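Here is a friendly note to read alongside the model. Please keep the picture open while you go through the points.

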Amino acid sequence: MMYGDYHTHTTYSHGTGGVEDNVKAAIAAGLREIAVTDHGPRHLLAGIKLRRIPEYLGEIERMRAAYPEIAVLSGIEANFISVRGDIDLPEEYADRLDVVVCGYHKGIRPMKAGDAVYLLGNLVSKNSKRTLVRNTDAYVNALARNDIDIISHPCHDCRIDLRAVGTAAAEKGTLIELNGKRVSMSADDLVLLASLGCKFILDSDAHRPDRVGCADIQTEVWKQSGLPDELIVNLAGAPHFMRGKAERARRRE
Ligand SMILES: [Zn+2]
Ligand SMILES: [Zn+2]
């Protein structure tokens, strides 16, 4: 059982429930914390609309006041969008977010024409060495340039050099997600990441309220890895996030 679920979606991207539905589901599931982390604005089909972000953040703050039994954290699931390490975290709102998740997704609107080569590479030449190098650079440079708390579903839809990414994540303190929708890494991958000093976080990636708090599909691969549960930061208690703002939600300010 997780203490909190730090990756959930609502109708602000392509989830089926509202912010309040996710919060109520989290309470019903016995969670102590929930983060709402809708898709970053450059996701073509599912991205949150920039103009709706103030409303999104306002709604999360209202939930914080309305449901004192749970800490409600504001977040985003940003996208890796260039090999230079750009992510679509909206700068103007960055200081209002408690937690930043970032992942690779298909269907991202590139910032520059050259970025399309990186993004399309995962569709047209998925197994080429150059695609792997570009993906790895995108992850590693993004980790260096941005305070990313969690890498969502690493390796899903894109091949990366896991050793290079794990080294960068461990150095920065970025958590590796065990995603409740997708098993994207093997037990051996997890053992490698742990040997590099990485820590893990269990999240649902719920796109429906009734999936909040669910990450059962990871149980088997985690058991196979033989790694100790202490390496999962949200089993025994609340994890630390880089901005330190989650404390504000936890104190219900
Ligand atoms: Zn995702
Ligand atoms: Zn997600």
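The numbered points below go through some helices, their packing and a few loop residues.

1. **How to read this.** This is a predicted model, in which local features need pLDDT of at least 70 and side-chain atom pairs count only at pLDDT 80 or more, while totals for chains, interfaces and linings use all residues. Residues are numbered from 1 along each chain as its sequence is written, and chains are lettered from A and ligands numbered from 1 in the order in which they are written. Helices (H or I, at least four residues) and strands (E, at least two) are DSSP runs, numbered from the N terminus.

2. **The buried face of H1.** Start with helix H1, residues 19-28, where Val 19, Asn 22, Val 23, Ala 25 and Ala 26 are buried. A residue is called buried if 20 or more other C-beta atoms lie within 10 Å of its own, exposed if 12 or fewer, and partly exposed in between, with C-beta atoms placed from the backbone. The buried residues of H1 fall within an arc of 165° seen down the axis, so they line one face of the helix; the arc is that of the directions from the helix axis to the C-beta atoms. After H1 comes Gly 30, with a positive phi near 85°.

3. **The buried face of H5.** What is buried in helix H5 (residues 162-172)? The list is Leu 162, Val 165, Gly 166, Ala 168 and Ala 169. These residues cover an arc of only 165° around the axis, which puts them on the same side of H5. Among the elements covering them are helix H4 (129-145), strand E5 (150-151), strand E6 (175-179) and helix H6 (187-195). H5 is followed by Gly 173, whose phi is positive, near 85°.

4. **H4 against H5.** Two packed helices are described by the angle between their axes and the distance between the axes. For H4 and H5 the angle is about 5° and the axes are 9 Å apart. Axes are lines fitted to C-alpha atoms, for helices over the stretch in contact, and angles run from 0 to 180 degrees between N-to-C directions. H4 and H5 are therefore roughly parallel to each other; angles under 35 degrees count as roughly parallel, over 145 as roughly antiparallel, 65 to 115 as roughly perpendicular and the rest as oblique. Thr 136, Tyr 139, Val 140, Leu 143 and Ala 144 of H4 meet Ala 164, Val 165, Ala 168, Ala 169 and Lys 172 of H5, where contact is C-beta atoms, placed from the backbone, within 7 Å. The residues of this contact divide into eight nonpolar, one polar and one charged. Here Ala, Val, Leu, Ile, Met, Phe, Trp, Tyr, Cys and Pro count as nonpolar, Asp, Glu, Lys and Arg as charged, and the others, Gly among them, as polar.

5. **H5 against H6.** H5 and H6 pack with their axes 9 Å apart, at an angle of about 40°. That makes H5 oblique to H6. Their contact is made by Leu 162, Arg 163 and Gly 166 of H5 and Asp 189, Leu 192 and Leu 193 of H6. It divides into three nonpolar, one polar and two charged residues.

6. **H3 against H4.** The axes of helix H3 (residues 115-124) and H4 cross at roughly 130° and come within 9 Å. That makes H3 oblique to H4. On the H3 side, Tyr 118, Gly 121 and Asn 122 meet Arg 130, Thr 131, Arg 134, Asn 135 and Ala 138 in H4. The residues of this contact divide into two nonpolar, four polar and two charged.

7. **Loop residues to look up.** Most residues other than glycine have a negative phi, and most peptide bonds are trans. His 153, in the loop between E5 and H5, has a positive phi of about 25° although it is not a glycine. Is His 153 buried or exposed? His 153 is buried, with 25 other C-beta atoms within 10 Å. Asp 205, in the loop between strand E7 (200-203) and helix H7 (219-225), has a positive phi near 55°.

Technical notes: Contact = placed C-beta atoms within 7 Å.
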